Amino acid sequence: MTIALAQELGFTPELAVEVLSPFSRALEAGLDLNRLQSEQPEEAERHMANYVARIYAELNGAGKNNLIVYRLRGAEPKFASPMQYGGHYLEVDRGLLTAANERCEVVIVVEGGSETYLDFVSDLPAKTFAWNTAETGTSIEMMKEMRSGDLLDLNDLKQEATIGS
């Protein structure tokens with residue numbers, strides 16, 4: 001998908017840097033940050049701080065000509081309640097994306113289903129906002145009511161993204 005996004009946005013694939021959000025990294029690692037947050041908040045904060053530090057290092061390694069593809073997964077009820085996502089992860093994403101936008105062009109890729117909190121994440125800073133209209137049930141027109149700027153339907157990239165990407 002990153003290669004297809006880079007090409008769609010006029011970047012060579014070598015200049016695209018994929019960065020997973022902290023909560024996405026926790027999900028991929030099988031770490032239940034929400035449970036930790038309620039049972040061992042210090043441990044949850046330690047994990048988040050480690051993820052954030054690694055992401056800042058990745059962003060600092062990106063050059064001005066790079067495209068940052070910021071993958072955001074988990075902003076939906078099956079992974080976090082609105083209170084958990086909005087209270088623990090949204091502002092961390094905002095801070096990371098603000099820093100990334102100072103360095104290079106950023107596309108946010110929101111991954112999720114029909115209950116994805118697109119209204120929460122729609123105001124995160126990036127030049128381009130990408131999501132799958134078919135999976136979320138949120139059309140381009142609906143998103144235009146929530147967000148201005150460049151919008152990209154991942155559904156349009158799906159076939160291309162599965163071939164060699």
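This is a predicted model: local features need pLDDT of at least 70, side-chain atom pairs count only at pLDDT 80 or more; totals for chains, interfaces and linings use all residues.

Trainee: Which strands stand at the edges of the open sheet?

Mentor: The sheet has five strands, paired in parallel and ordered β1-β2-β3-β4-β5. A strand with a single partner is left without a neighbour on one side, so the edges are held by β1 (16-20) and β5 (150-153).

Trainee: In β3, which residue is the bridge partner of leucine 72?

Mentor: Strand β2 (residues 67-73) and strand β3 (residues 105-111) are joined in the parallel sense by seven bridges. Within β3, the partner of leucine 72 is valine 110.

Trainee: Which strands does α5 touch where it packs on the sheet?

Mentor: Helix α4 packs on the sheet against β1 and β2, its direction making about 170° with that of β1. For α5, the direction makes about 175° with that of β2, and the strands touched are β2 and β3.

Trainee: Are α4 and α5 roughly parallel or roughly antiparallel to each other?

Mentor: Helix α4 (residues 41-61) and helix α5 (residues 82-103) have axes 10 Å apart and pack at about 15°. Angles under 35 degrees count as roughly parallel. The two helices, α4 and α5, are therefore roughly parallel.

Trainee: How many residues of the contact of α4 with α5 are nonpolar?

Mentor: The contact includes Met48, Val52 and Ile55 of α4, and Val92, Leu96 and Arg103 of α5. Three of its residues are polar and one is charged, while the nonpolar ones number ten.

Notes:
Residues are numbered from 1 along each chain as its sequence is written. Side-chain values use heavy atoms; hydrogens and water are left out. Axes are lines fitted to C-alpha atoms, for helices over the stretch in contact, and angles run from 0 to 180 degrees between N-to-C directions. Helices (H or I, at least four residues) and strands (E, at least two) are DSSP runs, numbered from the N terminus. Angles under 35 degrees count as roughly parallel, over 145 as roughly antiparallel, 65 to 115 as roughly perpendicular and the rest as oblique. Contact means heavy atoms within 4.5 Å. Ala, Val, Leu, Ile, Met, Phe, Trp, Tyr, Cys and Pro count as nonpolar, Asp, Glu, Lys and Arg as charged, and the others, Gly among them, as polar. Two strands pair if DSSP finds at least two bridges between them.
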